[in-house]
There are 2 protein chains.
Amino acid sequence: MKWYTEKWSEQCKFSLGYDEHIHSEKTAFQQIDFYKGREFGTFFTLDGLMMVNEKDEFIYHDMIVHPAFATNPMIKHVLIIGGGDGGTAREVLRYPTVEKVVMAEIDERVFRLSQQYLPLTAAGIEEDQRMTLHFEDGLQYVRNAPDASFDLILVDSTDPISVGEGLFTTEFYKQCYRVLNDTGILINQHESPYFEEYAENMRKARNKIKAIFPLTKVYQYHMPTYPSGHWLFGFASKSFDPIADIKIAQWKKFSLKTKYYNTDLHIGAFALPNYVKEELASED
Amino acid sequence: MKWYTEKWSEQCKFSLGYDEHIHSEKTAFQQIDFYKGREFGTFFTLDGLMMVNEKDEFIYHDMIVHPAFATNPMIKHVLIIGGGDGGTAREVLRYPTVEKVVMAEIDERVFRLSQQYLPLTAAGIEEDQRMTLHFEDGLQYVRNAPDASFDLILVDSTDPISVGEGLFTTEFYKQCYRVLNDTGILINQHESPYFEEYAENMRKARNKIKAIFPLTKVYQYHMPTYPSGHWLFGFASKSFDPIADIKIAQWKKFSLKTKYYNTDLHIGAFALPNYVKEELASED
């Protein structure tokens, strides 16, 4: 057994065991590595940072998708920015009411390698008639998308370095606002409060989104393989409040079996610790 | 800089940097090591497992103490089992309404070394007139304690190995039930759902407590330096429900500044992910 090690901060590191380094490739955008271990199954990293593993991908993918659908069960048109492993699309496509899903992933190789090595997240995505795949930069895609054309945008991005950088800019959030319709919701990968480097990205994202959307909140979940295990998504919308407007009975009618998400946890996830609220300078 | 490394599971390990290994000692009960780093400050381990560090001890100590006091702000007599670092006592002693706190810690050296190296958690505890320190086994202590003599018992223990083992037994929980009064609350260190070894301890503790107390729930929090960062406390009581009976206004009157805990988070913390509820076979 060998160890994949990730530095979480200057004085903290995290290691996962693997038996085989099954793929390594440098694309025009980033370094991609796939590994196979027993406990975490197949996992892959981008530029040396953990993205997805078979043990806990369900946590991230439940939490990026279902809170928005419980807030607005009428969502039909969904744009996924990033999400090349397919897990976010997989959860969205479980809603029979969804009519169209666009995935704008900058690096086609992430998707192709996930199809090859990670069927848990990528299988069946391309074959679904409702899916459209665009292998292009997410910022570029939203720039060219028509006004008010989506009910939901899910930003399933890396950290704001290299290819993920444009997805943490004011211009990107403004374009998202424009392409969302009147009841539109934006969910974005919102980093983490615990380690200073991630907390700085968290605060920056928060301040930019807050300046654009009328309603913005942040919710948390336990993601053990991401730095500190304490990870956040941002919820921004033009009209719906994720707590006041949650439609519990309607969401339950979908009868989706979820391993992490439930509607009690949905509400609980928005109750942040004091130190996180202070870092976010959140009034709510 | 050197690295302290802890195995979280067969294929997962976690490392913290330190500059100095300031103390190492084998007592009659366990191996104690104190380290000093920059990012996590001073931290100590028992039998090679992380107990307390200066960066995030506030999370654990807020969450073991304040939910019980928000459920019953009239708590006056408190028994702490374990908790030799002093952090749990520190939070309890912030309530001016508390009249008596007994700490039963099996290993006096943990407390003495914390006084020496970890004033953040241990300073001022022994000097508080309301404190009584008993350096003896927690199980032994409760066996000899009179009926209905405490409002609250906080089990601030290690994992159920070596000295912590007796604190995860049916006999211990039964004795706790006996020494609690009619409105008594028991909070216990409840392990973690993510790694199988910890999850097994979690399930065992749950089943034993459930067979004894009429009301039992489990709540979660983000503790980045404990295995997986997803950690639990058990809430068991003779009469109070931590959600239905929460006294938000009364608790807020204490005007305690807390860095992690707040009453919204209190409620949110009891909303567990589906996979955790299933592991606990929880009906609630």
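**Exercise 1. Find the strand that pairs with strand β3 (residues 20-26) of chain B, and say in which sense the two run.**

Solution. Strand β3 of chain B pairs with strand β4 (residues 31-36) of chain B, and the two run in the antiparallel sense over 5 bridges. Strands, like helices, are DSSP runs numbered from the N terminus (E, at least two residues, for a strand; H or I, at least four, for a helix), and two strands pair if DSSP finds at least two bridges between them. As a next step, look at one position: Glu25(B) stands opposite Ile32(B) in β4(B). Finally, follow the chain from one strand to the other, where β3(B) and β4(B) form a hairpin with 4 residues between them.

Before going on, note that this is a predicted model, in which local features need pLDDT of at least 70 and side-chain atom pairs count only at pLDDT 80 or more, while totals for chains, interfaces and linings use all residues. Residues are numbered from 1 along each chain as its sequence is written, chains are lettered from A and ligands numbered from 1 in the order in which they are written, and side-chain values use heavy atoms, with hydrogens and water left out.

**Exercise 2. Describe the strand partners of β2(A), within chain A and across to chain B.**

Solution. Begin inside chain A, where strand β1 (residues 2-9) and β2(A) are paired antiparallel over 7 bridges. Lys2(A) has Tyr18(A) in β2(A) as its bridge partner, and a hairpin of 2 residues joins β1(A) to β2(A). Then cross to the other chain: β2 of chain A (residues 12-18) is joined to β2(B) by 5 bridges, again in an antiparallel arrangement. In this pairing, Cys12(A) stands opposite Leu16(B).

**Exercise 3. Work out how chain B is related to chain A.**

Solution. Chain B can be laid on chain A by a turn of 180 degrees and a shift of 0.0 Å along the axis, with an RMSD of 0.0 Å, the superposition being by least squares on the C-alpha atoms of residues with pLDDT of at least 70 in both copies. That is the relation of a two-fold axis. In chain B, the C-alpha nearest this axis belongs to Gly268(B), at 1.8 Å from it.

**Exercise 4. Describe the contact between chain B and chain A.**

Solution. First count the residues in contact (heavy atoms within 4.5 Å): chain B gives 47 residues and chain A gives 47 residues. Because 100% of the interface residues of chain B are also interface residues in chain A, the copies meet through the same surface. The side chains of Lys257(B) and Glu278(A) meet in a salt bridge, at 3.7 Å from N to O. Lastly, ask which element contributes: β2(B) gives the most to the side of chain B that touches chain A, with 6 residues.

Definitions and conventions: A salt bridge is a side-chain nitrogen of Lys or Arg within 4 Å of a carboxyl oxygen of Asp or Glu.
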